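Subject: Structure handover

Hello,

Here is the structure I promised to pass on. My notes on its disulfides and one of its pockets follow below.

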Amino acid sequence: MHHHARIRALVVAVAVVGCTPGDEAEDTGSGPGSTTAAAVTDTDATGTATSGPTTTATSVATEAATSSTGDSGDEPTGGTTGDELDACAGVVNTPGPVLDLAWPAAENVGHDAVEGQTVRFHWSGLHNVLQVATFDGQVPPTPQFGDAGWERQIHSGAKQQDGSFDWDIGTYPCGYRPGIYFFVDEDDPAGGVTSVTVTVPEFDNDHYEPRPCSVLADPLVYGGRYAQYADRPDCTVFEVNNFQTVAHFDWVDPVLVARQGDLILFRWTGEHNIVQVHDVDQDTLVPGGITSGPKTNCVGGPNYSCANGPPALGEYLVDTTDHRPGIVHISDECAYTCTGSPTGMNMQFDLRFPVPHNTPLEPVKGSCCAIDPAKGEDCRVVEIYNGNDGAQLDYNVPIGRGDLVRFRWAGSLQVYQSLSDGNGGPSMDPRPGGVAMAEAVECVPGPDMSCLGGDTEAAQLVFDVAEQLALGNYEEGMFGERLFYFAALGENMSGFTSADSKTLLYVDDGVPYDPDPAPCP
C-alpha cells in the first residue's frame, strides 16, 4: 500500500476566531492542512498508485495511458513498470512561510507559491476550501463545483463559519507535486475557481538532473516504479517536467543530449501529453512517433502523486534503445494551434549512438553481406552518420579498400562527393562525376532505426571504396594518401533536425584487403 501524507483539516468556530493562525500546526503534525481551532477532522489521504506506461522506442510507440482527465481515470493501457513502493509512509509536511489568501479570493489568479510554503486560506461567513480538477471546475459526472471524493484531494471539510485552513505544501520527495492547483468554495463559488501555482527552482535541484539509472532502485526515486532499469549498464535517466516554470507551459529541461539506451521520463501536472513532432514549430504527432497517447490530467497531490489517480496520469517513460539517433522533437499536442490550449513550448533531445563524441560505430566484418553479398565475408560497412556531433557528419574516418561506406542521417540531407578546400579539407563544392544523391531525402528518426513517414531505405547513400579507387575518383594528399571528401546540404533552420555538414574519409592501408574475398555465408 502506498501511504500518502495525511490531510488534517481543523476549522474555526465563532468562539475561537481570536486564536493566532498556525498555533496548532506544529503540535498536530498535520498533512496539507492545519488550522486554528480545537475541533479536528482527519482525512487519511491514502490511495493506491499503479505503474506508469512506458514507450519503448524500438517499436511504434502508440500504447499509452488512456485515463480520463478529471475523475479517477481508467487504468493505463501501456506497458507497466513495477509496483509503487511505500516511500513516504508517515512523512508529514512541515509548515513553512505563509502565503496569505483571503477566501473567497478577490482574484482568480496571481497566487504563486513555492515548495516549502504554507498557503493559509481564511474567511468570514460560511465557507470551505475544495480542490477541483481544472480552472473550469470538475469533470462530469461530478458536479462542476462538487466534491470528486479523491482520497488524496485537498479539502478543508464541511463548510464552517469564520474559519481558516492551512495547506502545508512540503518539499521533495514527499511534498505536494508542483503544478497549478484549483480551488473553489464548494457548490457555491461566488468568485469562481481560484488557481494557486506551486513551483520549484529551475536550477539546483539534483533530483531533476540527469542521473545514472542505478538510482531507480531507490524507492524514493519515482516510488520504485522503474527499478527494472536499475541494472542497465551505461544508462542515464533524464527527467523532463513542467514543475519549474511559473506558467507551467514549458518543458524543463528543454534540450538534452542522450545516447541510445538512455531513459527519458516526462512528468507533468495538469492536462498534457507528449507527441513526437516534425520540428520546433509543430504540435501534431508524426505517425508512428513517440506518444503518451491522449491527454491526461494529473491533479496535483501529496508525495508528488496525482490526487485523482495513478502516476500514469502525469508521466510517461521513453526508452531510447534502438531508436534512430538525431534531433527528436517533442511537443504537448496542440500546444500552438488550439485556441486556449493550456500547453506550450516544445522540447528536443539530441539522441546519439552509444559511442564517444564525433566517432562512428565500429565497423564489423561481414556486415556488407546484407547490402552487397558480392563483397564477401571480410567486407565491413563503415557507417557515417549526422547524429554523433550535433547534426554534423562523423569526421576524419579511416576506411578500408574493400569496405562499403554508408551515409545515413536524421532530418533532410543531400550528400555528395566534394572537392578539396585547398587546405587539406573538404569544401562544399561538388566533385564533377563524384558520388552524389540526386536530391535531398528526409528521415524523421523513429524506432528500430526507421524513418517516420518516409522511405527508410531511401535515406542512405552507399559507395564501394574499391570501385571508386579503381575509377580514380578520390583526392590525393601531399604524402600520397588517398582521401574522399564529402559534403551534405541540410535544412539549416533553427529548431529543425539537420544542417550543412562535411566529412573527410581516408584510406587506411592497414585494414586487410583481399581482392578475391571469401563469399558471404
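Cys235 has a relative accessibility of 5%. That puts Cys235 under the 20% cut-off, so Cys235 counts as buried. Please keep in mind that this is a predicted model.

Disulfides

Cys235 is bonded to Cys213, with 1.9 Å between the two sulfur atoms. Cys213 is buried too, at a relative accessible area of 1%. The S-S torsion of Cys213 and Cys235 is about -45 degrees, so this disulfide is left-handed. Both cysteines sit in the loop between strand S14 (211-212) and strand S15 (236-241), so the bond ties together parts that are 22 residues apart in sequence.

How many disulfides are there in total? The count is 6.

The next is Cys368 to Cys379, with an S to S distance of 1.9 Å. Its torsion is about -60 degrees, so the bond is left-handed. Cys368 and Cys379 both lie in the loop between strand S23 (347-352) and strand S24 (381-385), 11 residues apart. Both cysteines are buried.

Then there is Cys369, joined to Cys520 with an S to S distance of 2.0 Å. The torsion about the S-S bond of Cys369 and Cys520 is about -90 degrees, so this disulfide is left-handed. What parts of the chain does the pair tie together? Cys369 lies in the loop between S23 and S24, whereas Cys520 lies in the segment after strand S34 (501-507), so the parts it connects are 151 residues apart in sequence. Cys520 has a relative accessible area of 19%. The cut-off for buried is under 20%, so Cys520 is classed as buried.

Second largest pocket

Cys379 comes up again here. The second largest pocket holds about 280 Å³ of space. Its lining has 16 residues. Which of them lie nearest the centre? They are Asp378, Cys379, Gly402, Tyr513 and Asp514.

The lining divides as follows:
- 8 nonpolar residues
- 7 charged residues
- 1 polar residue

Best wishes

Note on methods:
Residues are numbered from 1 along each chain as its sequence is written. This is a predicted model: local features need pLDDT of at least 70, side-chain atom pairs count only at pLDDT 80 or more; totals for chains, interfaces and linings use all residues. Side-chain values use heavy atoms; hydrogens and water are left out. On a 1 Å grid over the protein atoms alone, a cavity is a set of points where a 1.4 Å probe fits but cannot get out, and a pocket is an open set with protein on both sides within 12 Å along at least five of seven lines; lining residues have an atom within 4 Å of a point. Grid points are joined across faces, edges and corners, and a volume is the space filled by probe spheres set on the points. Ala, Val, Leu, Ile, Met, Phe, Trp, Tyr, Cys and Pro count as nonpolar, Asp, Glu, Lys and Arg as charged, and the others, Gly among them, as polar. A disulfide is a pair of cysteine sulfur atoms within 2.5 Å. Helices (H or I, at least four residues) and strands (E, at least two) are DSSP runs, numbered from the N terminus. Buried means under 20% relative accessible area, exposed over 50%, partly exposed in between (1.4 Å probe, protein chains only).
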